[in-house]
Amino acid sequence: MQKFNSFAEFYPYYLSEHRSPICRALHYIGSSLVLGALLLMLVSQQWRYWWLLPLMGYGFAWVGHLVFEHNKPATFKYPFYSLAADWVMLKDFLTGQLKHKLPS
């Protein structure tokens, strides 16, 4: 198993596990749903639905890995780095930086 000493070392590996644009899109959908649900819970104060957050976020991502990427999600080996990388990848996509960081 590969060992990473920092997030900076991990992120290129993470991106290499997300070469499929459809897989990445499913990650973005799941992350966006999580943000929307969090906002809705904050506004409505309906906290009883918190358990849906991981289902939304990870559900879409795992379908992307199973169906389109054909690999195991990095979450299983690197849960904390992987969670952070999901949000960094979304930020990179939204700011137009992702295309320069993806492996060729």
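**View 1. The residue that comes after helix 4.** In this predicted model, helix 4 gives way to Gly-96, a residue whose phi is positive, near 80°. The 16 residues of helix 4 should span 22 Å at 1.5 Å a residue, and the end C-alpha atoms of helix 4 are 23 Å apart, which agrees.

View 2. Ser-82, Ala-85, Asp-86, Met-89, Leu-90 and Asp-92 are the buried residues of helix 4. Because these residues cover an arc of only 160° around the axis, they lie on the same side of helix 4. An α-helix has 3.6 residues a turn, so residues three or four places apart point the same way. The other side of helix 4 carries Phe-80 and Leu-94, which are exposed. The partners against which the buried residues of helix 4 pack are helix 1, helix 2 and helix 5.

**View 3. Helix 2 and its buried residues.** Buried in helix 2 are Cys-23, Arg-24, Leu-26, His-27, Tyr-28, Gly-30, Ser-31, Val-34, Ala-37 and Met-41. These buried residues pack against helix 1 (7-16), helix 3, helix 4 (79-94) and helix 5 (98-101). After helix 2 comes Gln-45, whose phi is positive, near 60°.

**View 4. The packing of helix 2 with helix 3.** Two packed helices are described by the angle between their axes and the distance between the axes. For helix 2 (residues 21-44) and helix 3 (residues 52-69), the angle is about 175° and the axes are 8 Å apart. Since this angle is over 145°, helix 2 is roughly antiparallel to helix 3. On the side of helix 2, the residues that meet helix 3 include Ile-22, Ile-29, Leu-33 and Leu-38, while those of helix 3 include Leu-53, Met-56, Phe-60, Val-63 and Phe-68. By type, the residues of this contact divide into 15 nonpolar, five polar and one charged.

**View 5. Ala-25 in helix 2.** Ala-25 has its place in helix 2.

Terms used. Residues numbered from 1 in each chain as written. Predicted model: local features only at pLDDT ≥ 70, side-chain atom pairs only at ≥ 80, totals over all residues. Heavy atoms only, no water. Axes fitted to C-alpha atoms, helices over the stretch in contact; angles between N-to-C directions. Helix = DSSP H or I, 4+ residues; strand = E, 2+ residues; numbered from the N terminus. Parallel < 35°, antiparallel > 145°, perpendicular 65-115°, else oblique. Contact = heavy atoms within 4.5 Å. Nonpolar A, V, L, I, M, F, W, Y, C, P; charged D, E, K, R; others polar. Buried < 20%, exposed > 50% of the residue type's maximum accessible area, 1.4 Å probe, protein only. Expected span 1.5 Å × (residues − 1). Arc of directions from axis to C-beta.
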